[in-house]
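Here is a short briefing for a reader who is new to this structure. The sequence and the model come first, and the notes follow by topic.

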Amino acid sequence: MPELTRRRALGAAAALAVAAGTQAVAAPVASAAEHHHGGPDPFDEVYRGRRIEGRPVSGGGHHHDAGYTVFIDGVELHVMRNADGTWISVVSHYDPVPTPRAAARAAVVELQGAPLVPFHTN
């Protein structure tokens, strides 16, 4: 067995540090990926006199693989998740927000009491 030298000891320590750093970085990425697939929590509330709802969906529709749908007073609000994890809606397209609930609330504010008109992609 080769003799332990200062160079080998430093090399082994560096390798351990890199391995530990890789594990520390990989753990949050894995949990972020799990969160993306699990999606945001469902919600159902009255906000400024409007009923807003959000829940996961499976397949179909015009959800751009977001896997989540939002309604204002029973009418679907088209939402989309951006690559950076923020959300936008057809009503507030240029104002990204952190969650679908925030997108629904922003749409309610923007609508100023007007009814949401259904969005058709056909």
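**Surroundings of Glu53**

Apart from neighbours within four places in sequence, Glu53 is in contact with Phe43, Asp44, Thr69, Val70 and Phe71, where contact means heavy atoms within 4.5 Å. The model is a predicted one, in which local features need pLDDT of at least 70, side-chain atom pairs count only at pLDDT 80 or more, and totals for chains, interfaces and linings use all residues. Residues are numbered from 1 along each chain as its sequence is written, and side-chain values use heavy atoms, with hydrogens and water left out.

- Glu53 is part of strand S2; helices (H or I, at least four residues) and strands (E, at least two) are DSSP runs, numbered from the N terminus.
- With a relative accessible area of 14%, Glu53 is buried; buried means under 20% relative accessible area, exposed over 50%, and partly exposed in between, with a 1.4 Å probe and protein chains only.
- The side chains of Glu53 and Arg51 make a polar contact at 3.5 Å. Such a contact is a pair of N or O atoms within 3.5 Å; within protein, one must be able to donate a hydrogen and the other to accept it, and residues adjacent in sequence count only if both atoms are side-chain atoms.
- In S3, the residue opposite Glu53 is Phe71.

**The chain overall**

- The chain has 2 helices and 6 strands, which run α-β-β-β-β-β-β-α from the N terminus on.
- Of the 122 residues in the chain, 26% are buried.
- Among contacts between residues at least 6 apart in sequence, 38% join residues at least 24 apart.

**Confidence**

- The average pLDDT of the chain is 78, and 61% of the residues score at least 70; pLDDT is the predictor's confidence in each residue, from 0 to 100.
- Confidence is highest in S1, at 98, and lowest in helix H1 (residues 6-38), at a mean of 52.
- Over residues 22-36, pLDDT stays under 50, and the model has 2 contacts beyond four places in sequence for them.
- Where pLDDT is low, the predicted coordinates should not be read in detail.

**Strand pairing**

- Strands S1 (residues 43-47) and S2 (residues 50-56) pair in the antiparallel sense over 5 bridges; two strands pair if DSSP finds at least two bridges between them.
- Phe43 has Gly54 in S2 as its bridge partner.
- S2 also pairs with strand S3 (residues 68-72), in the antiparallel sense and over 5 bridges.

**Turns and loops**

- S1 and S2 form a hairpin with 2 residues between them, and Arg48 in the turn has a positive phi of about 50°.
- Arg48 is exposed, at a relative accessible area of 60%.
- Asp73 is not a glycine, yet has a positive phi of about 50°.
- The loop between S3 and strand S4 (75-77) holds Asp73, which is partly exposed with a relative accessible area of 41%.
- Most residues other than glycine have a negative phi.

**Aromatic rings**

- The whole structure holds 2 aromatic pairs. Rings of Phe, Tyr and Trp (its six-membered ring) pair if their centres lie within 6.5 Å; planes under 30 degrees apart count as stacked, over 60 as edge-to-face and the rest as tilted.
- Phe43 and Tyr68 have ring centres 6.5 Å apart and planes at 25°, so this pair is stacked.
- Because Phe43 lies in strand S1 and Tyr68 in strand S3, the pair ties together parts that are 25 residues apart in sequence.
- Phe43 is buried at 6% relative accessibility, and Tyr68 is buried at 1%.
- The rings of Tyr68 and Trp87 have centres 6.0 Å apart and planes at 65°, so this pair is edge-to-face.
- Tyr68 is in strand S3 and Trp87 in strand S6 (residues 87-89), so the pair ties together parts 19 residues apart in sequence.
- Trp87 is buried, with a relative accessible area of 1%.
- Phe43, Tyr68 and Trp87 are linked into a cluster by ring pairs.

- Val117 is placed in the segment after helix H2 (100-111), and counts as exposed at 63% relative accessibility.
- Val117 and Leu77 are 40 residues apart in sequence, and their C-alpha atoms are 8.7 Å apart in space.
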